[in-house]
Amino acid sequence: MSARDDPTDDVRRGGAVGLTSALQARRGPDELVLVRHGESAGNIADTEARDADAERLELSARDADVELSANGEEQARTLGRWAAGLAEGERPDLVVCSPYRRAADTARAALADLDVELLMDERLRERDLGLLDGLTGKGIRARYPEEAERRSHVGKFYYQPPSGESWADVVLRARSLLADLREGYDGKRVWLFTHQAVIMSFRYALEGLEETELLEIDRTTPIPNASVTRYCRRPDGLVLETFASDEHLDPGPAEKTDEEDQAGEAPDA
């Protein structure tokens, strides 16, 4: 490898662009589609807890086992009808999915009428909130005030809950999966069924966003349930074409929803 071809030159010049963005222009899928799971029982419990000003969600299942709501199931089926109606050259060649039930069930329902390979990959799982799992922002401040203070100081992106993950940890998972997709998937259309924080982490890795840019997007643009974020390959790499679109749900009968994906992920926690 010559100095001119050294991908670290892009890192040195681009700063936040990083190694993933420096390499992703060279090979890999022609299209990468990130799909958020349908509305889940956890989304509903989170909304109810916030509305009630409660400290904890009324949810007994572990995060990996949280089911889709009835509306979430309908969102997945509606997504599937839209996917089945895509032209042959627009349908996915490969689908990789979070093993968490709400994401896996969304993928299975959405792909029911498509002949496509479905793979599970733990790197697409939800961010682990560790000790704070199941708590609202109020609950965190009441039960773990020192963690609320630490999060405020460290910031949302780098804060790591006890026994949990930071957003930066999730970015490492995204970079690892992208590295695998650069080998053997040239020209393919790859769909990833996953979660809100993971989708944002892929944006950070693929676009070379600054921390402040990522958090501003997160603050101002919700990622609806069963929404689609789409990257297409251009001469300079994968370029964002569509972000958090749920227009495919317009025909109904599913209700559109954009609840936050994670319990306890309160902006002011």
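Six strands form an open sheet with mixed pairing, in the order E3-E2-E4-E1-E5-E6, where strands (E, at least two residues) and helices (H or I, at least four) are DSSP runs numbered from the N terminus, and two strands pair if DSSP finds at least two bridges between them. This is a predicted model, in which local features need pLDDT of at least 70 and side-chain atom pairs count only at pLDDT 80 or more, while totals for chains, interfaces and linings use all residues. Residues are numbered from 1 along each chain as its sequence is written, and side-chain values use heavy atoms, with hydrogens and water left out.

- The edges are strand E3 (117–120) and strand E6 (237–245), each of which pairs on one side only.
- On average, neighbouring strands of this sheet are turned by 20° against each other, direction ignored, with axes taken as lines fitted to C-alpha atoms and angles running from 0 to 180 degrees between N-to-C directions.
- Strand E2 (residues 94–97) pairs with strand E4 (residues 189–194) in the parallel sense over four bridges, and Cys97 stands opposite Phe193 in E4.

**Cysteines**

- Cys97 counts as buried at 0% relative accessibility, and Cys232 counts as buried at 7%; buried means under 20% relative accessible area, exposed over 50%, and partly exposed in between (1.4 Å probe, protein chains only).
- The structure holds zero disulfides, a disulfide being a pair of cysteine sulfur atoms within 2.5 Å.

**Arg102 and its contacts**

- Arg102 lies in helix H5 (residues 101–110) and, at 2% relative accessibility, counts as buried.
- The side chain of Arg102 is joined to that of His37 by a polar contact of 3.4 Å, meaning a pair of N or O atoms within 3.5 Å, of which, within protein, one must be able to donate a hydrogen and the other to accept it, while residues adjacent in sequence count only if both atoms are side-chain atoms.
- The Arg102 side chain also reaches the backbone oxygen of Asp63 at 2.8 Å, although these two residues are 39 apart in sequence and their C-alpha atoms are 9.4 Å apart in space.

**Aromatic rings**

- There are three aromatic pairs, counted where rings of Phe, Tyr and Trp (its six-membered ring) have centres within 6.5 Å, with planes under 30 degrees apart taken as stacked, over 60 as edge-to-face and the rest as tilted.
- The pair of Phe157 and Tyr158 is edge-to-face, because the ring centres are 4.7 Å apart and the planes stand at 90°; Phe157 counts as buried at 2% relative accessibility, whereas Tyr158, at 44%, counts as partly exposed.
- Phe157 also forms a tilted pair with Tyr204, at 4.8 Å centre to centre and 35° between the planes.
- Tyr204 counts as buried at 12% relative accessibility, and ring pairs link Phe157, Tyr158 and Tyr204 into a cluster.
- Arg203 lies over the face of Phe243, at 4.4 Å from the ring centre; a charge sits over a ring if NZ of Lys or CZ of Arg is within 6 Å of the ring centre and within 35 degrees of the ring normal.
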